[in-house]
Structures are given as C-alpha cells and as structure tokens.
Amino acid sequence: METFGEQNIQNEKPDIPKASQEMCAYCFDVLICAFDGTEPSDPRFPTDFECPFFVTWNKTERGGQRRLRGCIGTLSPRPVADLKDYTHSSAFRDRRFEPVGRAELGALQVAVSLLVRYEPAADWRDWEVGVHGILINFYSSRNEHYSATYLPEVAPEQGWGHLEAVSSLVRKAGYRGRVDDALLDSLEVTRYQSSKAKLDYAEYCNLRGISC
C-alpha cells in the first residue's frame, strides 16, 4: 500500500519523492541477509535523490493486532540508498526493543516513510491530524533545548487531537516541566507530510516470487 497523507501519491507532482513497495521489499532483503550473514543485492528503485525518511517495523500478534518492533529515521535529508543502514538500525538497534529475530520474520510488516513538504506552522494548532507530521523545537527556562517529532499516522492511531498530540510530543522530547499555555505558545512547530509504503512478509514473498 502506498499513501501520501490521505491522498494517493500517484496524484502528486512528479518532483515529490514517493515511497514504494520495492523500497519496503529491499528492507526485507536487507533484514534476511543480515540473518544469513550475506550482502543484499543492489536496490531495484532509483537512489539518486535525498530526503528525510523513517523505517518502521511492526509485528502482527495473535488476534491480528500490530505492535511496534522498531522505528529509526532521520529528519535531515539523506541519500535514499541509506535505507540499508536504517533498516539495520530500526530492526536491531532501537533501544526501546529487543533486536528483531528470525523467528518473527513471518509476522513482520515494514513501512518506509519519505518526509516531504516541510513548512513552518503558524502555531501549535496549525496542522491537520492524519495529514501532517509535526516537529517541535523549544527551550526551557534554563535554556535547555528540546526537540521531537511524530509521523503523520501517530495522532490518528492514538485517537489524539492537537492538544493531546503536542503534549505527548513535549514529553517525548524529554521535558518534565508543566505543559501550560505559555509553553505551548513558545513552541516552534514545523509540519510535514509523508509518502508512505508498507509491505508484510507474505506480500514480500509474493513480490519476490519465493516461498514463505
């Protein structure tokens, strides 16, 4: 599945980078080669551009619910060929989780999110839930800098509105003080959109023409 906010990315301008299922399949290639101790083949998608991106792994549990297993990315433009490194980092070096194991392979889904259309928001409310991701920057009274981001899908998945999402993001940044009107009004907010593609292991096997 490939999406751009709530729109199909095929309707977007050609100069906007678009995530693809082939990028996701490459992440599975990299993961399986890591288990086997081999090197993956070259990517089968264009790699001649740079943009910020994230690689996210989810695992399908009993009952069909998906649980996050790792998510690592960059908010600075990087060559899309670096997907290999971020696949490793998200699967094996996200400190919130144990490294992904081979036994989990059949239950995994990977998503690649290319972050596009960065623009300053007028204030902490100036973004649309389900369309925009947000990046906040702010300073405490001690002049300590804080920064954090949520991808566009986080707020709707959690059932959050603007206040809940921004308050949670302040905590994610590591700030433990009071989240009041003064703090909210001091936030520097950047909004962006995400071209996202995702692929589960069965779809990967079908795409590669291999037996799961």
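Is F138 buried or exposed, and what is its relative accessible area?

Modeller: First, a caution: this is a predicted model. In it, F138 is buried, with a relative accessible area of 1%. The cut-off for calling a residue buried is under 20%, so F138 at 1% qualifies.

The structure holds 12 aromatic pairs. One of them joins F28 and W57, edge-to-face, with 5.3 Å between the centres and 85° between the planes. F28 sits in helix α1 (residues 21-36) and W57 in strand β2 (residues 50-60), so this pair ties together parts that are 29 residues apart in sequence. Both F28 and W57 are buried. F138 and Y175 form an edge-to-face aromatic pair, 5.5 Å centre to centre, with the planes at 85°. This pair also links distant parts of the chain. F138 belongs to strand β5, while Y175 lies in the loop between α4 and α5, 37 residues apart. How buried is Y175? Y175 is buried, with a relative accessible area of 14%.

Stay with that region for a moment. The loop that carries Y175 runs between α4 and α5. Just after α4, G174 takes a positive phi of about 105°. Helix α4 itself spans residues 162-172. Its buried residues are A165, V166, S168, L169 and V170. What covers them? The cover includes β5 (133-139), β6 (145-150), α3 (154-158) and α5 (181-186). Strand β5, which holds F138, is thus part of the cover over the buried residues of α4.

Step back to the domains. The protein is divided into domain 1 (21-116 + 195-208) and domain 2 (124-186). Their C-alpha centres lie 26 Å apart. Where the two meet, five residues of domain 1 are in contact with four residues of domain 2. The area buried between domain 1 and domain 2 is about 390 Å². Carbon and sulfur atoms give 74% of that area. On the domain 1 side, F54, L75 and K196 lose the most area to domain 2, together 69% of what that side buries. The rule finds one salt bridge across this interface. K196 has a salt bridge with E153, 3.1 Å from N to O.

Side chains of opposite charge can pair when their charged atoms come close. The count in this model comes to 12 salt bridges. Take E22 and R208: their closest N and O atoms are 2.7 Å apart. E22 lies in helix α1 and R208 in helix α6 (residues 201-208), so this bridge ties together parts that are 186 residues apart in sequence. Both residues are buried. Next come E104 and R69, whose side chains meet in a salt bridge at 2.8 Å, N to O. Here too, distant parts of the chain are linked: E104 in the loop between α2 (83-92) and β4 (108-120), and R69 in strand β3 (residues 66-79), 35 residues apart. E104 and R69 are both buried.

A further bridge joins D82 and R78, with the closest N and O atoms 2.8 Å apart. D82 is buried, with a relative accessible area of 14%, whereas R78 is partly exposed, at 36%. Salt bridges that share partners also join E22, D29 and R208 into one network.

F28, W57, Y201 and Y204 form one aromatic cluster.

The mean pLDDT of the protein is 92, and 93% of its residues reach 70 or more. The exception to keep in mind is residues 1-14, where the pLDDT is below 50. Beyond near neighbours in sequence, that stretch has 35 contacts in the model. Where pLDDT is low, the predicted coordinates should not be read in detail.

Definitions and conventions
Residues are numbered from 1 along each chain as its sequence is written. This is a predicted model: local features need pLDDT of at least 70, side-chain atom pairs count only at pLDDT 80 or more; totals for chains, interfaces and linings use all residues. Side-chain values use heavy atoms; hydrogens and water are left out. Buried means under 20% relative accessible area, exposed over 50%, partly exposed in between (1.4 Å probe, protein chains only). Helices (H or I, at least four residues) and strands (E, at least two) are DSSP runs, numbered from the N terminus. Contact means heavy atoms within 4.5 Å. Rings of Phe, Tyr and Trp (its six-membered ring) pair if their centres lie within 6.5 Å; planes under 30 degrees apart count as stacked, over 60 as edge-to-face and the rest as tilted. A salt bridge is a side-chain nitrogen of Lys or Arg within 4 Å of a carboxyl oxygen of Asp or Glu. pLDDT is the predictor's confidence in each residue, from 0 to 100. Domain bounds come from an automatic or database domain assignment. Buried area is the accessible area (1.4 Å probe) that two parts lose on being put together, summed over both.
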